[in-house]
Amino acid sequence: MHGLFNRSIQCFVYDIYGVQVWERVIQRAGLKVSNFETMLLYPDETVFSLLGALSKSTGRPVDDLCEDLGTYLVSHPSVAALRRLLRFGGETFTEFLHSLDDLHGRAKLAVDTLDLPQLELDELNAREFRLGCYHPDERFSRGCSFVLVGMLRAMADDYGALVLLDYAGVNGRFHCISIKLLDVEFAEGRAFKLSEKIGQA
């Protein structure tokens with residue numbers, strides 16, 4: 001599995017829980033490597049070992065940790081580049097949702113070895129959507145769906161939209177997220193300009 005996933009967990013634990021918790025996670029996971037390189041490939045089991053060890057170290061369920069990770073990836077200052085990348089998906093939260101269908105393909109074009117889950121958005125009506133998340137490894141599908149819940153929650157805040165988000169279980173091969181737009185202009189969104197440098201976001 002791509003090192004970007006392991007590195008994201010590492011940065012999340014460092015920034016939210018601290019170095020000592022990260023060291024306990026590595027010990028509990030039985031790993032010899034404690035610093036992951038973004039562009040290297042690691043055994044698939046590593047990411048699941050890290051999440052399981054983090055759950056035991058914090059006393060929090062893996063699903064909740066994945067959701068927090070998703071929020072972190074969009075909202076924390078140390079990973080501002082991802083927030084900017086996602087904001088290129090559209091000027092409104094609705095446009096952003098429709099851009100998610102293409103995220104898997106765009107990621108593969110940028111980094112060929114980055115195997116993101118396939119996303120499929122169903123528009124049930126003007127204000128209700130269902131986002132499906134699929135990966136051949138069912139554990140990865142579920143984990144990513146909760147990461148997406150956190151990311152979507154943070155992106156809704158970023159756009160100033162009031163949205164209800166819930167994990168909606170499995171439909172066929174997809175782990176699904178229920179998305180209800182209550183008010184797309186609920187609040188003023190965070191400032192965003194295409195011309196800004198990443199460090200200014």
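Predicted model: local features only at pLDDT ≥ 70, side-chain atom pairs only at ≥ 80, totals over all residues.
As background, nonpolar side chains tend to be buried together in soluble globular proteins.

Let me take Ile179 from that list. If we leave aside its neighbours within four places in sequence, Ile179 is in contact with Phe93, Leu97, Leu131 and Leu152, and also with Arg127, Glu128, Phe129, Val163, Leu164 and Leu165.

The axes of helix α1 (residues 3–16) and helix α2 (residues 19–29) come within 7 Å and cross at roughly 135°, an angle between 115 and 145 degrees, so the two count as oblique to each other. Their crossing is right-handed. On the α1 side the contact involves Ile9, Gln10, Val13 and Tyr14, which meet Val19, Val21 and Trp22 in α2; by class, these residues are six nonpolar, one polar and no charged.

What does α2 meet in α3? Val21, Trp22, Arg24, Val25, Ile26, Arg28 and Ala29 in α2 meet Ser49, Leu50, Ala53, Leu54, Lys56 and Ser57 in α3, and this contact divides into eight nonpolar, two polar and three charged residues. As for the geometry, the axes of α2 and helix α3 (residues 45–58) come within 8 Å and cross at roughly 120°, and these helices are therefore oblique to each other, with α2 passing α3 in a right-handed crossing.

Definitions and conventions
Residues numbered from 1 in each chain as written. Heavy atoms only, no water. Contact = heavy atoms within 4.5 Å. Axes fitted to C-alpha atoms, helices over the stretch in contact; angles between N-to-C directions. Helix = DSSP H or I, 4+ residues; strand = E, 2+ residues; numbered from the N terminus. Parallel < 35°, antiparallel > 145°, perpendicular 65-115°, else oblique. Left-handed = near helix turned anticlockwise from the far one by under 90°. Nonpolar A, V, L, I, M, F, W, Y, C, P; charged D, E, K, R; others polar.
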